[in-house]
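Please open the structure in your viewer and keep the selection tool at hand. This tour visits several charged side chains in turn.

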Amino acid sequence: MSLFKARDWWSTVLGEKEEFDQGCLCLADVDNTGNGQDKIIVGSFMGYLRIFNPHPVKTGDGAQAEDLLLEVHLRDPILQVEVGKFVSGTEMLHLAVLHSRKLCVYSVSGTLGNVEHGNQYQIKLMYEHNLQRTACNMTYGSFGGVKGRDLICIQSMDGMLMVFEQESYAFGRFLPGSLLPGPLAYSSRTDSFITVSSCQQVESYKYQVLAFATDADKRQETEQQKLGSGKRLVVDWTLNIGEQALDICIVSFNQLASSVFVLGERNFFCLKDNGQIRFMKKLDCSPSCFLPYCSVSEGTMNTLIGNHNNMLHIYQDVTLKWATQLPHIPVAVRVGCLHDLKGVIVTLSDDGHLQCSYLGTDPSLFQAPKVESRELHYDELDIELKELQKIIKDVNKSQGIWPVTEREDDLKVSAMVSPNVDSVSVGIFTDFQPRYIAMQVSIIINPVN
């Protein structure tokens with residue numbers, strides 16, 4: 001088991017030959033259950049909208065039939081899905097689906113099933129807006145400091161920002177010098193929209209400046225423009241990052257400070273809400289998606305960054321804290337609470353591989369079985385012990401461990417005298433020369449079995 005491999009908690013493959021992008025994944029309590037459990041909302045370029053509520057029986061199980069709450073074919077390609085307070089008169093959460101030429105807002109509800117088929121979910125169209133220009137992406141928030149509702153801003157392919165106040169269209173503004181659309185985000189603390197232009201610079205526009213700027217719904221001049229009403233749209237601040245941006249996300253530490261995170265093609269930037277660089281990190285691999293979130297350490301931020309090497313890196317500010325391997329290249333990553341499990345990492349690939357995973361290793365669930373205890377009876381134990389000792393004695397007498405032999409057979413000694421003796425030594429002093437007779441005796445000891 002590898003520490004550096006994402007542990008598969010639940011996974012599935014969506015459809016066949018469908019394509020997905022970073023805006024096609026969203027996590028929220030879209031059916032307003034109020035229990036704090038998120039649902040997984042996925043839209044595809046083929047027009048399929050799916051809502052999942054995974055609850056595997058054991059870790060690593062695939063998708064079951066009851067995990068898919070809803071699957072609807074909306075025909076038009078789905079560019080982005082978001083959940084917020086998009087309907088007037090209520091603070092219930094609704095689902096906003098962005099198509100290339102249309103914005104639709106749905107309510108998602110479920111009814112308890114009376115049979116074994118389970119609960120039934122359905123969506124209801126609350127309102128829709130037909131777009132005059134091809135959409136690229138959208139963002140939402142409490143524009144202008146409104147309370148209890150969310151407004152939607154859509155960026156078109158030709159660089160126009162279209163603001164919708166729920167069921168009504170508010171205004172549209174062309175961004176100055178826009179050539180190609182970039183990622184778009186809204187900062188509630190500064191009440192401004194932040195994007196990256198085709199000039200490779202981060203730009204911030206105040207909502208109030210957009211609202212009072214010259215109307216850009218039509219290219220030709222209107223009667224109000226002839227009278228000189230309206231102001232020229234000016235940027236609040238800019239920062240040249242020298243590369244194209246893949247995504248923008250804004251995270252607030254508290255009510256007094258917020259950070260603008262920009263994921264570039266080679267670098268990762270963290271900016272203050274006034275455009276100053278807080279820190280930046282050069283990435284070793286080509287990134288594909290990211291997600292900043294608050295850290296447990298005060299004053300620091302954690303960031304999930306996926307790359308094209310099937311890896312997911314976790315940074316605390318600029319320090320790499322963890323690296324884990326995924327079975328696919330993620331184009332979108334989210335973190336949520338699923339089935340009472342907090343901090344589940346949800347990743348989506350461009351070919352529809354959806355996975356819920358966590359970091360670390362699987363916990364050991366083995367527990368030693370308890371030994372059955374019984375009450376001790378010492379009298380019975382003494383009787384049993386005496387019986388066992390008697391059996392052991394009887395076995396030793398009848399069989400024995402070693403064979404029994406006679407004592408005289410334990411050791412056998414034999415002596416042998418050599419017939420060859422040494423000759424008499426001839427020396428100078430014959431009177432004192434002793435005579436020796438050598439006798440060779442060999443003793444053989446044969447143990448008898």
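The model is predicted, and residues are numbered from 1 along each chain as its sequence is written. Local features need pLDDT of at least 70, side-chain atom pairs count only at pLDDT 80 or more, totals for chains, interfaces and linings use all residues, and side-chain values use heavy atoms, without hydrogens and water.

Arg 266 and Glu 265 form a salt bridge (a side-chain nitrogen of Lys or Arg within 4 Å of a carboxyl oxygen of Asp or Glu), and their closest N and O atoms lie 3.9 Å apart. Side chains of opposite charge can pair when their charged atoms come close.

Now select Lys 85 and Glu 91, another salt bridge, with 3.9 Å between the closest N and O atoms. Lys 85 is partly exposed at 26%, whereas Glu 91 is exposed at 53%.

Then move to Arg 50 and Glu 18, whose salt bridge has its closest N and O atoms 2.7 Å apart. Arg 50 belongs to strand β4 (residues 48–52), and Glu 18 to the loop between β1 (7–13) and β2 (25–28), 32 residues away; strands are DSSP runs of E, at least two residues, numbered from the N terminus. Are these two residues buried or exposed? Both Arg 50 and Glu 18 are buried.

Finally, consider the whole model: the count comes to nine salt bridges.

Key:
Helix = DSSP H or I, 4+ residues; strand = E, 2+ residues; numbered from the N terminus. Buried < 20%, exposed > 50% of the residue type's maximum accessible area, 1.4 Å probe, protein only.
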